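Subject: Structure handover

Hello,

Here is the structure I promised to pass on. Please open it alongside this note.

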Amino acid sequence: MKLRELYTILKDVLKEASESPGSEALSILSKVTSQTRERLLMNFEEEIPEKVCQVAISLAKKRASGYPLQYITERCYFYGLELHVCEGVFVPRIETEILVDLALELIEERRFKVVADIGTGTGCIAIAIALRSEGEVFATDVSEKALEVAKRNVERYRARVQLLKGAYLTPLLPVLSDVQLIVSNPPYVPTGAKLPLDVLREPHEALFAGEDGLEFYRNFFSDPSLLTRKTIIMEMSPEQEDPLRALLKDLGTITFFKDQFNRTRFFRLDVA
Ligand code: SAM
Ligand code: GLN
């Protein structure tokens, strides 16, 4: 079959499930033929072996059944970086790029030299910060799989990031007194929340944080003495503004920030 025909079939399979079936069809074709999207677009009359066509169609059907495209292509994009990702690891979201901007502004303004990213997933936040600043960056996760993927991404970009395994502040305890800024996109979705099928295929420990979605924050801030005079920037969901204000009011000064879609999605806590 010619590439042109296969592309049309894939687009058709994907059209119910995806807002950009053409682009997703190209991503799948790029994966199965090991050719860039640009090269594919210039060779639409090329004959594609039957076996390759079958693999491409079955991947498109898998995608159409609610499987994340990034798990098929094993690639995702964040802050201008191309990162490896696979099933079992959270796919970075575009909103989180604002968290990196907030962190970089502060690193420059306050001359922070030691930063930690809690729950690093693919390593996206830590790598973006390390590549655009000069200090030391630590990145932690509870998930072995996430740390494997993050290691691969850190090595690819030769980023100055030290990976550590463990929950909350535990893996940082030996260096915590040096850490000036902590950033995190933690799990914050309430356990009962209705999520799209492809989001539900992502690791639940990356998404869900108890019935009210605040469990991570409650545990993280349970011993404020560990955080004295540190600055913390975290992602949140817009409806968590009031509960977070109440939870953190005695710890220091809290400031909320919006994402590029004008929703309150981040807070900065300057611990007293
Ligand atoms: N930072 C990445 C990003 O923005 O794409 C991943 C964010 S994902 C929403 C949350 C990550 O936190 C997951 O990789 C998960 O394994 C990790 N995680 C969950 N609970 C944790 C905990 N108590 N301590 C450290 N990491 C945790
Ligand atoms: N924003 C994510 C979603 O797509 C949730 C991320 C998180 O819990 N940190 O549902």
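What follows is a short account of what was found in it.

This is a predicted model, in which local features need pLDDT of at least 70, side-chain atom pairs count only at pLDDT 80 or more, and totals for chains, interfaces and linings use all residues. Residues are numbered from 1 along each chain as its sequence is written, and chains are lettered from A and ligands numbered from 1 in the order in which they are written.

Overall build

The protein has 12 helices and nine strands. Both are DSSP runs, numbered from the N terminus: helices are H or I with at least four residues, strands are E with at least two. The radius of gyration is 21 Å, close to the 19 Å that the globule rule gives for 272 residues, so the protein is as compact as a globular protein of that length. (That radius is taken over C-alpha atoms, and the rule is 2.2 Å times the number of residues to the power 0.38.) The C-alpha atoms fill a box of roughly 65 × 40 × 30 Å along the principal axes.

Buried residues make up 35% of the 272. A residue is buried if 20 or more other C-beta atoms lie within 10 Å of its own, exposed if 12 or fewer, and partly exposed in between, with C-beta atoms placed from the backbone. Of the contacts with a separation of 6 or more, 63% join residues 24 or more positions apart. A contact here means C-beta atoms, placed from the backbone, within 7 Å.

UniProt regions

UniProt, in an unreviewed entry, places "domain: Release factor glutamine methyltransferase N-terminal" at residues 9-73. That stretch is 69% helix and 0% strand, and its end C-alpha atoms are 18 Å apart. UniProt also lists "domain: Methyltransferase small" (unreviewed entry) at residues 101-190. Here the chain is 36% helix and 22% strand, with end C-alpha atoms 26 Å apart. UniProt positions are in the numbering used here, feature names are shortened, and annotations may be inferred rather than shown by experiment.

Cores

The largest nonpolar core has 53 residues. Such a core is a set of buried Ala, Val, Leu, Ile, Met, Phe, Trp, Tyr and Cys residues joined through C-beta atoms within 7 Å. Ala103, Val115 and Ile129 have the most contacts inside the largest core. Its largest share, seven residues, comes from helix H7 (residues 124-132). Apart from it lies another core, of 13 residues, including Leu3, Leu6, Val13 and Val32.

H7 is mostly covered, with seven of its nine residues buried. Among the buried ones are Cys124, Ile127 and Ile129. Val115 touches Ile129, and also Ala103, Ile107, Gly135, Val137, Leu181 and Val183, leaving out residues up to four places away in sequence.

Strands

Strands E4 (residues 136-141) and E5 (residues 161-165) pair in the parallel sense over five bridges. Pairing requires that DSSP finds at least two bridges between the strands. Leu163 in E5 is the bridge partner of Ala139. E4, helix H8 (residues 144-156) and E5 make a right-handed β-α-β unit. Right-handed means that, with the strands pointing away from the viewer, the path from the first strand over the helix to the second runs clockwise.

Backbone to check

Most residues other than glycine have a negative phi. Glu74 has a positive phi of about 55°. Glu74 is in the loop between helix H5 (69-73) and strand E1 (75-78). Asn262 has a positive phi of about 65°. Asn262 is in the loop between strands E8 (252-258) and E9 (264-271).

Best wishes

Terms used: Two residues are in contact if their C-beta atoms, placed from the backbone, lie within 7 Å.
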